[in-house]
Amino acid sequence: MAQRPVNFSPGPSILAQPVLEEASRAVVALEDVGLSILEISHRSPAFDKILNTARDTIRRLMGVPDTHDILFLQGGARGQFAQVPLNFLAPGTKGAYVDTGAWSSYALDEADVLGEAYALASSKEAGYGALPDLSSAALDEGTVYVHTTSNNTIYGTQWRTLPGFGDVPHVCDMSSDIMSRPVDVSKFGLIYAGAQKNAGPAGVTLAIIDKAWMSRGRDDIPSIWQYRVQANKGSTYNTPPVFAIYVVGLVAKWLEAQGGVAAIAEVNEKKAQLLYDAIDTSGGFYQATVAEDAHRSRMNVTWRLPSADLDKAFVARAAEIGLASLKGHRKVGGIRASIYNALPLEGVERLAAFMKKFRATH
Ligand code: PMP
């Protein structure tokens, strides 16, 4: 097989080689069952074991306390944009949203359709190139949750320390940095993430939810959308995405073998620093779209070259030498290197070396 390109795709994105190999074997036959992972019942003992192992491994990795349930849902992160207000926005209550980019604004728009929602703070005016200051943000009366996006996949910002909102439940979209660093789960009402960046393939959404808060959710909505129903049924109320959950379990096992979340966070920091250094020492040839280090993402590093033509040439030349999917999101342009957990340090070293060479020859 030809050498794999280094996969800088923003999502679905790179998976570790041992995960791909084990998953491919399971597509033919699970060792202890003799049948493919694609053809076993979600009510079989074999799948029970797969689901429980995935859940337990995530619980260990993230230090999820007993106060919180771990759910495997469908509908992606956008499904959560709707499910959160559906469950928690009753008439007369409000959801507060910290608007740090396209994804958080879509989440706010969706909540606005279903109930009353408002932007607690926004960095839209700054083109989302920084995080908003929350020091003077005051919650409206009747606010029942605050929604944040921990990492902004498109604009390349990330909360290094996630804000807190006292007793008001904090809902956090961690789609693009879940399990990339230690997080105190006990501080959240709900953490959710489409798995397809740091946690596995597309098709399953992780939701880690405070049980006490979950029990106060609405019960006058369709049962399929009630978190409590999925929790009571162990995420098998409807047929779950069996294969995606299986692969999430493999990713979690792989991450444990890497030393866990704290260990991978150190590697992630090193990887990001390599790229930010290459940008900041380029004499202005590369310009970071996020100026302040404290706001810069460790997952999606975004920058521009002096012209759109050079951006294009950079992406094309990089692809030729096996550095794939570096084109920035169409809203931002330029370059975006998505360097999730599974992207190895050597891949980033190759990109940093290419950046030096490209600058020297252009
Ligand atoms: N939130 C964030 C932070 C994202 O990066 C994405 C996808 N790129 C989404 C939400 C939407 O995810 P999905 O496609 O799973 O709905």
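**Notes on the ligand site, helix packing and backbone**

1. Helix α3 (residues 76-88) is the top contributor to the shell around the ligand, giving four residues. Helices here are DSSP runs (H or I, at least four residues), strands likewise (E, at least two), numbered from the N terminus. A quick caveat: this is a predicted model, so local features need pLDDT of at least 70 and side-chain atom pairs pLDDT 80 or more, while totals for chains, interfaces and linings use all residues. Numbering starts from 1 along each chain as its sequence is written, and side-chain values use heavy atoms, with hydrogens and water left out.

2. Who else surrounds the ligand? The shell includes Gly76, Ala77, Arg78 and Phe81, and also Trp103, Thr149, Asn151, Thr153, Asp173, Ser175, Gln196 and Lys197; a residue counts as near if one of its heavy atoms lies within 4 Å.

3. Now the polar contacts (pairs of N or O atoms within 3.5 Å). Asp173 puts a polar side-chain atom 2.6 Å from a ligand nitrogen. For Lys197, a polar side-chain atom is 2.9 Å from a nitrogen atom of the ligand, and for Gln196 one is 2.9 Å from a ligand oxygen. The ligand exposes 400 Å² when taken alone, and the protein buries 85% of that (Shrake-Rupley areas, 1.4 Å probe).

4. On to helix packing. α3 and helix α4 (residues 102-114) pack at about 40 degrees with axes 9 Å apart; axes are lines fitted to C-alpha atoms over the stretch in contact, and angles run from 0 to 180 degrees between N-to-C directions. The two are therefore oblique to each other (under 35 degrees is roughly parallel, over 145 roughly antiparallel, 65 to 115 roughly perpendicular, the rest oblique). The α3 and α4 crossing is right-handed, meaning the near helix is turned clockwise from the far one by less than a right angle.

5. Helix α2 (residues 45-62) packs on helix α7 (residues 242-257) at about 40 degrees, axes 9 Å apart. That makes α2 oblique to α7. Here the crossing is left-handed.

6. Two backbone spots to look at. Gly11 and Pro12 are joined by a cis peptide bond, omega about -10 degrees, and Pro12 sits in the loop between β1 (6-7) and α1 (17-28). Ser235, not a glycine, has a positive phi of about 65 degrees; look for Ser235 in the loop between α6 (227-232) and α7. Most residues other than glycine have a negative phi, and most peptide bonds are trans.

Technical notes:
Polar contact = N/O pair within 3.5 Å; in protein donor to acceptor, adjacent residues only side chain to side chain.
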